[in-house]
Amino acid sequence: MMRRLFTAGALAIAIALCAGAPRAQAQADATGFIAQLGGQAIQVLGPGVPASERLARFRQLFQNDFDVPGIGQFVLGRYWRTATPQEQQEFLGLFQEYIVEAYSARLGQYGGEPFRVTGNRPSGGDIVVTSQIIQKSGAPIEVDWYLIQAGGGFKITDVYVGGVSMKVTERDEFGAVIQRNGGQIAPLLAQLRQKIQR
Amino acid sequence: MYLCFTRFARAERMLTVALGLAVCALFYAVPAHAQQQPAAPVAVAPPGPGEAEANDPFEKTNRAIFDFNNQVDKIVLVPVANAYRGVLPEPVRDSIHSVLQNLDEPIIFANDVLQARPDLASTTLARFVVNSTIGLGGIFDVASKTNLPFHSNDLGVTFAVWGFGEGPYLMLPILGPSNVRDAIGEGGDAYGDPGNIVASDNHYLWATFARGATQGVDERSRNIETLADIERTSLDYYATIRSLYRQRRAAEIRHEQSNTPNVGPLQGGSDAVTAPISYQVAPAPGAPPR
């Protein structure tokens with residue numbers, strides 16, 4: 001189960017990587033935005049892409065197409081309010097690099113499974129585009145994309161893979177680190193720094 | 001004489017369940033002392049809306065068991081899973097996987113019924129019939145190829161559907177992440193499983209253990225890279241696994257495999273199914289095309 005989820009997660013990221021290309025379509029509609037990404041992902045991120053290339057592309061596109069400040073603020077949760085502005089800024093920078101490094105490794109697991117958009121629905125202020133990754137064997141994996149409209153296009157605020165939210169997972173993890181350090185943010189930043197430099 | 005045997009068999013079955021429950025009870029009871037200790041002075045800021053607590057009052061014990069499990073995992077499970085993958089080719093492993101799945105179908109069916117889901121129950125029944133016959137006992141998962149996709153179900157989900165809460169998070173030795181509700185459910189599923197009943201009525205208790213062990217190896221062999229990757233990249237492996245488990249179980253309770261709309265737990269507002277809307281975004285006046 002876990003492996004399927006993360007293969008799907010890898011594809012989700014792979015698709016996000018290609019978000020830079022189809023901006024014109026992004027203005028048209030959210031479904032088109034994600035569908036276009038799916039088509040591009042397979043070309044741009046075939047299993048043959050070298051790891052360093054993947055990392056560089058991912059860094060750029062995560063910045064461009066994900067709502068990094070929004071996600072970062074969500075992930076820090078209640079601790080965002082108690083953090084100083086410097087801590088907030090430093091956190092966003094470290095968080096971004098951490099996500100890029102952690103997930104670009106997972107991209108290697110994506111083997112080019114077919115992807116199709118199945119529909120969309122509103123959810124709060126977000127637009128949710130639902131999609132499926134078709135596996136060789138077993139049931140398709142459901143991947144839900146949460147999008148907000150921003151600057152005439154879309155930004156991705158979260159990705160649900162098989163019912164598991166990426167940003168909730170990160171928040172739970174970071175929250176545990178902060179709690180175990182007596183509610184202090186500095187140790188989390190130190191751990192992130194260490195993780196990135198390795 | 002016969003009566004005597006059945007009673008004996010029943011006792012065996014009871015023993016298996018009792019063992020399972022005892023394990024749960026042990027870890028439910030032991031940390032109760034720990035719980036009385038004053039909580040670490042953390043809560044600097046109160047949780048915001050939608051920020052659920054991890055419901056993990058036995059975290060200290062759970063983390064100790066988690067560390068133990070990881071040791072066992074590294075020393076025993078991963079090497080065995082690697083060997084399993086090295087020795088048997090993928091089609092054979094896939095067949096073993098679907099045979100195990102097929103053995104689970106009766107208890108899945110029972111839970112589908114207990115949850116009053118005729119749609120799921122009929123799929124499970126059809127799958128079991130097709131795979132047990134044409135699929136040669138599940139060696140070939142014919143059902144999945146004929147639009148009868150597999151879904152899992154268990155007593156923990158049934159309890160949740162009936163309205164029971166999950167209870168404290170539990171890390172079970174060897175068995176891994178669970179909670180009070182799911183642990184009891186697992187015991188109940190094992191007790192009610194027709195395969196186990198047949199095995200214990202015929203004094204083939206080893207068959208039940210062999211099946212469990214094979215299931216463990218099968219599951220682990222499918223997760224080697226994923227779990228290694230999560231462990232490598234996470235800041236707090238325990239907390240990440242806890243989060244993944246709880247989210248995944250919540251999704252299973254919603255029966256999300258069938259693409260039913262999920263309630264974003266953090267988006268707040270209701271996600272009732274609404275008519276598809278068009279997202280034509282009019283370009284803002286004067287906005288440069290990107």
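Modeller: Helices (H or I, at least four residues) and strands (E, at least two) are DSSP runs, numbered from the N terminus. This is a predicted model, in which local features need pLDDT of at least 70, side-chain atom pairs count only at pLDDT 80 or more, and totals for chains, interfaces and linings use all residues. Residues are numbered from 1 along each chain as its sequence is written, while chains are lettered from A and ligands numbered from 1 in the order in which they are written.

Biologist: How many helices and strands does chain A have?

Modeller: Along its sequence, chain A reads α-α-α-α-α-α-α-β-β-β-β-β-α-α. The count for chain A is 9 helices and 5 strands.

Biologist: Over which residues of chain A is the pLDDT below 50?

Modeller: The predictor's confidence in each residue is its pLDDT, from 0 to 100. Where pLDDT is low, the predicted coordinates should not be read in detail. Chain A averages a pLDDT of 78, and 75% of its residues score at least 70. One stretch has 35 contacts in the model beyond near neighbours in sequence (two residues are in contact if their C-beta atoms, placed from the backbone, lie within 7 Å), yet its pLDDT is below 50: residues 17-28 of chain A.

Biologist: How much of chain B do buried residues make up?

Modeller: A residue is buried if 20 or more other C-beta atoms (placed from the backbone) lie within 10 Å of its own, exposed if 12 or fewer, and partly exposed in between. In chain A, which has 198 residues, the buried share is 48%. In chain B, out of 290 residues, the buried share is 31%.

Biologist: Which residue of strand 2 of chain B stands opposite Met171(B)?

Modeller: Strand 1 (residues 169-172) of chain B is covered on both faces, with Tyr169(B) and Met171(B) buried on one side and Leu170(B) and Leu172(B) buried on the other. Strand 1 and strand 2 (residues 176-179) of chain B run antiparallel and are joined by 4 bridges (strands pair if DSSP finds at least two bridges between them). They form a hairpin with 3 residues between them, and Ile174(B) in the turn has a positive phi of about 65°. Opposite Met171(B) stands Pro177(B).

Biologist: Does Asn147(B) count as buried or exposed?

Modeller: Asn147(B) lies in the loop between helix 6 and helix 7 (155-161) of chain B, and its phi is positive, about 60°, although it is not a glycine. Leu136(B), in the loop between helix 5 (118-133) and helix 6 (142-145) of chain B, has a phi near 55° and counts as partly exposed with 13 C-beta neighbours inside 10 Å. Asn147(B) has 8 such neighbours inside 10 Å, so it counts as exposed.

Biologist: At what angle do the axes of helix 3 and helix 10 of chain B cross?

Modeller: Axes are lines fitted to C-alpha atoms, for helices over the stretch in contact, and angles run from 0 to 180 degrees between N-to-C directions. Leu77(B), Val80(B), Ala81(B), Tyr84(B) and Arg85(B) in helix 3 meet Val217(B), Arg220(B) and Ser221(B) in helix 10. The axes of helix 3 (residues 59-87) and helix 10 (residues 205-221) come within 9 Å and cross at roughly 80°.
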